[in-house]
There are 2 protein chains.
Amino acid sequence: VTSFFDKLNQSVDANNSLLSVGLDPVADRLPSHLQGRPQAFFEFNTGIIDATKDIVCAYKPNSAFYEAHGPSGIEQLKATIDYIHEVAPHVPIILDAKRGDIGNTNEGYLAFCYDYLNVDAVTLHPYMGGDSLQPFLARQDKGAIIMCRNSNPGAGEFQDLDVNGAPLYEHVARQISDSWNTNNNCVLVVGATAPSEMKRIREIVGEDMIFLVPGIGAQGGDIEASVKAGLGANNRGIIMHSGRDIMYASSGEDFAEQARTRAVQTRDDINTYR
Amino acid sequence: VTSFFDKLNQSVDANNSLLSVGLDPVADRLPSHLQGRPQAFFEFNTGIIDATKDIVCAYKPNSAFYEAHGPSGIEQLKATIDYIHEVAPHVPIILDAKRGDIGNTNEGYLAFCYDYLNVDAVTLHPYMGGDSLQPFLARQDKGAIIMCRNSNPGAGEFQDLDVNGAPLYEHVARQISDSWNTNNNCVLVVGATAPSEMKRIREIVGEDMIFLVPGIGAQGGDIEASVKAGLGANNRGIIMHSGRDIMYASSGEDFAEQARTRAVQTRDDINTYR
């Protein structure tokens, strides 16, 4: 069984990259020559993928942008994922779906993510506890990417609450590291807007756990601070994610070319601090 | 604007019911005469709906069971919701989707739930904080049903953690009641397997907030204890949800008839304690 970690580390090395790129199309932000076309999302995505597949360590489409358009959106998400498997089989695909239900219901989400879409990992909410996520945790071949400390401005409302002298997110990190990660397939979401929290989480979970780090680019997270705080074993261990900043680098017919330029800059910027 | 609360209270009174019924089809649990048919989920659901639409206060399809089958599943979910609007326009529809992402991404989930599917309320994860859920909280016409204390056996792993002398779920309940509920559209998920926690949450949030109470039936929650602990103003204020116990009351051609019998029993059982 190839694990998510193996696949990720291979793409990190092959593309010398810790950069994940988003595939999150929004109808009115697409280049004007694509707007209104029936497969506009798929065409946009293939442009970004062709232009960046030797630059990224992962792609992370967010399910919400496709679900917004019902079955047609879901079909374009599936077509996008099939396309990545075809042209960039070494690049793992993370479905950002932020799912989490009780055990037997999660089987339905597993079927959506792994049987139908065939992605390599999915993002999950921890609030219902580890028993609820067991169907995801049991999949040795897939990554279970669990929210720990998010990047949105109000993420601390509950995540920073003091629990016996430490913030809640530290308990979440420790519990995942100590109890949920028996198949060595857990990844933590730690926002780039919170480098000091990231440093503390790295101390807690050790150098082998991988962090998915959203929030660089449009959300304003600091690349240098995040890389220095989060880097794990072998100068790897972090997936630095950029969405809008790269996807929408240009709204013209050169959108893919400009996305590539921006992706190379971001990848190299990250590598400066490794 | 008709609010979720108005619509719910009307169905509670019209059907003299606090019972919500699930529409969560699983291929190999369907009655054998429906198995393998292309619209099997929709046909199953219409059978349950026809048989129970004068008995329930709400329907709660869980998105996972449809997503598991890709676009065809989503289309049958949409057809099911359209059917409820047609034959039971007074009964509100809760999409159990347990969503929750950052603000601009939640707009995609809003489009899925409200523009495409046209449900009346959706279930949400609180972990990322109130600012992340703002697009849902801003919808005065729709219910934002937020997980507080769940019914799965391991729900307490984080939800029961002690935060300044009170469990986390109490902080979540208080924060939603005090800060998130400015549009009077928040509902709390409180499992029937935790009646003492439910009693405490009712004390915190007062008698006007509605609870969605999963866990009766197959999950073993106690109806009497839950109703007594959770009941709010005007002997309403709780949505007692039963899924498998009613949907799969029979696996024969009489599945709808048996579901009705079981639904009537459950509704009446709940009403005994109002």
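Select B:D101 and A:K98 to begin: their side chains meet in a salt bridge, with 2.9 Å from N to O. The model is a predicted one, and the distances and areas in this tour are computed from it. Across the interface of chain A and chain B, 4 salt bridges are found. A search of the whole structure gives 38 salt bridges over all chains. The pair on screen crosses between chains: B:D101 lies in the loop between β3 and α5 (103-116) of chain B, and A:K98 lies in strand β3 of chain A.

**The interface**

Next, colour the two chains separately and display the residues at their boundary. Here 54 residues of chain A are in contact with 54 residues of chain B. The size of an interface is often given as the accessible area lost when the parts come together. For chain A and chain B, the area buried between them is about 4600 Å², with 61% of it on carbon and sulfur atoms. Now select A:Y127, A:M128 and A:F158, the residues of chain A that lose the most area to chain B; together they account for 18% of what that side buries.

Polar contacts may be displayed next. Between chain A and chain B, 28 residue pairs are in polar contact, with both residues at pLDDT 80 or more. To see which parts of chain A face chain B, highlight the elements that give two or more residues to that side, among them α3 (63-67), α4 (70-87), β3 (94-99), β5 (143-149) and α8 (168-180) of chain A. Helix α5(A) gives the most, with 7 residues. If this side of chain A is coloured by class, 25 residues are nonpolar, 19 polar and 10 charged.

**The sheet of chain A**

In what order do the 8 strands of the open sheet in chain A lie? The order is β2-β1-β10-β9-β8-β5-β4-β3, and the pairing is parallel. At the edges stand β2 (58-60) and β3 of chain A; each has a single partner strand, so one side of each is left without a neighbour in the sheet. From one strand to the next, the twist averages 30 degrees.

Select residues 121-124 of chain A, which form strand β4; this strand pairs with β5(A) in the parallel sense over 4 bridges. Within that region, A:L124 stands opposite A:I146 in β5(A).

Finally, show chain B. Its open sheet has 8 strands in the order β2-β1-β10-β9-β8-β5-β4-β3, with parallel pairing. Strands β2 (58-60) and β3 (94-99) of chain B stand at the edges with a single partner strand each, so one side of each lacks a neighbour in the sheet. The twist in this sheet averages 30 degrees from one strand to the next. Select strand β1 (residues 19-22) and strand β10 (residues 238-242) of chain B, which run parallel and are joined by 3 bridges. The tour ends at B:S20, which stands opposite B:H241 in β10(B).

Methods
Residues are numbered from 1 along each chain as its sequence is written. Chains are lettered from A and ligands numbered from 1 in the order in which they are written. This is a predicted model: local features need pLDDT of at least 70, side-chain atom pairs count only at pLDDT 80 or more; totals for chains, interfaces and linings use all residues. Side-chain values use heavy atoms; hydrogens and water are left out. Contact means heavy atoms within 4.5 Å. Buried area is the accessible area (1.4 Å probe) that two parts lose on being put together, summed over both. A polar contact is a pair of N or O atoms within 3.5 Å; within protein, one must be able to donate a hydrogen and the other to accept it, and residues adjacent in sequence count only if both atoms are side-chain atoms. Ala, Val, Leu, Ile, Met, Phe, Trp, Tyr, Cys and Pro count as nonpolar, Asp, Glu, Lys and Arg as charged, and the others, Gly among them, as polar. Two strands pair if DSSP finds at least two bridges between them. Axes are lines fitted to C-alpha atoms, for helices over the stretch in contact, and angles run from 0 to 180 degrees between N-to-C directions.
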